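Please consult the sequence and the structure shown below while reading.

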Amino acid sequence: MIFLALLLGLLLFVLGLAVVMLRRSAILLFLGIELMLNAANLTFVAFSSANGALDGQIAVIFTIAIASAEVGVGLAIFIVLFRRFKTQSVDDLRILRW
Amino acid sequence: MKAALLLIILAPLAGFLINVFFGRRLPRAGVTAVAVGSVGLSALLALFVCGAYLSAPEPAAFEYYTVLSVGGVTIPFALQADALSILMLFFVTFVGFWIHIYSIGYMEHEEDYARYFSYLNLFMFAMLTLVLADNFLLMFVGWEGVGLCSYLLIGFYYQEKWPADSGKKAFIVNRIGDFGFLIGIFFIATHFGTLRYEEVFAKLQADPGAYLGVAGIIALCLFVGATGKSAQLPLYVWLPDAMAGPTPVSALIHAATMVTAGVYMVARCNLFFRSSPEAMAVVAVVGALTAIFAASMGLAQTDIKKVLAYSTISQLGYMFLAAGVGAYAVAMFHVFTHAFFKACLFLGSGSLIHACHTNDIFEMGGLRKVMKTTHWTFLFSTLAIAGIPIWAGFFSKDAILASVFAFAGHHHGWAYLLWGLAVVTAFMTSFYMFRLYYVVFGGEYRGKGHPHESPTSMTLPLVVLGGLTAVVGFLGVPVVFHLPNLMERFLEPLTPAVEGLAGTTFHLSHGMEWALMIGSVVVAGLGWLAARALYRTDASWTWVKGFTARHPRLYDTVFNKYYVDEFYDRTVGAALRGVSRFCFSIIDGVLIEGPVNLSGFFVELTGNVLRFLHNGNLRTYALHIVLGVAILLWLVF
């Protein structure tokens, strides 16, 4: 049972990582990050139920709270960037390059 | 007495501190009150100290605190009042006070009024420290202090190039001399174990034979210091350029007080010099050569202050000549009279420059009618420096010539040569001074504008100093007049007779003395007549013009001061520049900058390689993170 849950977590994580590394859209980038975070959450919960302890689940609550804050800040940044550069592709945002 | 001596040097220091910190915010009257008031207080206290000394002529030294005490050598902050210090103290404060008064008028329109007066007060502080010090270290402190003030005041108009450069030149040339002085002090400290005059001279006096060799070396080292400060060959070159400063400064520092510090020091250390006939000969020869060399350069100058500068160098040469033949009291007498007439001449030239707005004597002329006070005082001091009887210079210069002659008569035959040089110098002195006088005051006015007499604050010091040039000479009347020679008697404790050391007085027969005196008056008179014939009216210049046109090379050589500055520049200057260039390009450029630049180059190189990782692509960064995590995981498990 825990094996299946961990496998699902792994799949979700790799999927999210692939999205982050391969897609250019800022929105999709967020989706990828959310996927990875939730993969981690799933793993937490799986271990928590397997061990019969609650601390894993508490960590998940924290993760969700922080993730939502992160999305709030991140989206705000991207809205500003979009207004400024008229693009949502992260590959075009390279002005800080050497 | 103890408090008075301390207050004499502290009053100008307080004036300096007040003016340097608050001078800009004080009104002019306030600045003047502080500056002149503090020096006035010093002068009054100096009079008190002089009076106290005259009533009970006992040298006294007062310790205030111990500056340092290292390995048996204790150096106190101590001041002393003996005959020599008192003499210097008197004329430094007196002339200094009147020059402060004069400066009020002369610097009236100056923006940096407070800065000027603060420097002047600092100078008084340093000079009085030099004079009153009771040990060599404290004297050196004053010595350096006056050098600093000289630098600051020569470069007072620092916005222009010539004054700024001249200030540096004066400072650097003085440093060369100071180096010798310092070495001499080190020698004294190692061989005598103390730096206090009293103890050093007591040891030397007790057993002169024990110090014979080293005393000569010390004397020569000290004399190197004196040649720097008192502008003697070969270090005199800074003094003519020192004329870039304001004229009262030239009067105070570069004529009356600071430049005579070297003579003071030699007189103070006369026991060292008397231990070594060779050192004395060096002093005498350098003095005589400087006297005639500088006088000849003064013959062709057209800048009024330059003429006076060369004459100062020449007169200082006389003083060293006197010191070199052992006539220390006579040397100090000439220092004393010179302070009055040369200060008066410089202040007079300042008054002329103030009125005509030029330094060129050929743009002045005919000023006898418009500037009566300046004319009379200038005439008085010219008579004094030329050595016309009853004026101060006559007595002191005659005493010097007589001393040299007597010295030569006493088994030093070669000194007749020096005497000859001194006589020729006396002729030149008289000639160039009256040349100056006739060109400036005779004939018709040749400059621009309408010159007028200077304000009272400037003429009053002229009258005081000019009047005194006719009086102070009587302090040292020759023996033949059967009057007491006050100066010689006053300075007697300075030169104690010591078995085994050179004597300080040689006697002449009265007939010889009369002959010498008449001779020197005739020589001075001839110089006067020659100048009068050649320069009295504008028409009489034609001969001079014709002469200079016929001998352009001779004239150019003299006018350009024998190209000594150029010679120094080609030799010493070029050598120094070579060393500097070597330091700059090899030591600094290769040895120091090389490793520094190399490390910088490596950092840059690394950066240039690594910067390709930062391509600004977010997804590449994500890849780096993943790779990093992967590597970490691989390392951990």
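**The strand hairpin**

B:Phe62 stands opposite B:Leu79, a residue of strand S2 (residues 73–81) of chain B. The partner strand is S1 (residues 60–70) of chain B, and S1(B) and S2(B) pair in the antiparallel sense over 9 bridges; strands are DSSP runs of E of at least two residues, numbered from the N terminus, and two strands pair if DSSP finds at least two bridges between them. S1(B) and S2(B) form a hairpin with 2 residues between them, and B:Gly71 in the turn has a positive phi of about 45 degrees.

Of the 11 residues of S1(B), 0 are buried, so the strand lies largely in the open. A residue is buried if 20 or more other C-beta atoms, placed from the backbone, lie within 10 Å of its own.

**Basis of the model**

The model is predicted: local features need pLDDT of at least 70 and side-chain atom pairs count only at pLDDT 80 or more, whereas totals for chains, interfaces and linings use all residues. Residues are numbered from 1 along each chain as its sequence is written, and chains are lettered from A and ligands numbered from 1 in the order in which they are written.

**Overall form of chain B**

The secondary structure of chain B comes to 26 helices and 2 strands, where a helix is a DSSP run of H or I of at least four residues. Its C-alpha atoms fill a box of roughly 120 × 65 × 50 Å along the principal axes. Buried residues make up 51% of the 637 residues in chain B.

**A helix pair**

The axes of helix H14 (residues 304–324) and helix H15 (residues 328–356) of chain B come within 9 Å and cross at roughly 175 degrees; axes are lines fitted to C-alpha atoms over the stretch in contact, and angles run from 0 to 180 degrees between N-to-C directions. H14(B) and H15(B) are therefore roughly antiparallel, a term for angles over 145 degrees.

**The nonpolar core**

The largest nonpolar core has 216 residues, and those with the most contacts inside it include B:Val95, B:Leu321 and B:Val404. Such a core is a set of buried Ala, Val, Leu, Ile, Met, Phe, Trp, Tyr and Cys residues joined through C-beta atoms within 7 Å. H15(B) gives the most to this core, with 20 residues.

Not counting residues up to four places away in sequence, B:Val404 touches B:Leu321, B:Val325, B:Ala415, B:Leu418, B:Trp419 and B:Ala422; contact requires C-beta atoms, placed from the backbone, within 7 Å.

Methods: Buried ≥ 20, exposed ≤ 12 C-beta atoms within 10 Å, placed from the backbone. Parallel < 35°, antiparallel > 145°, perpendicular 65-115°, else oblique. Contact = placed C-beta atoms within 7 Å.
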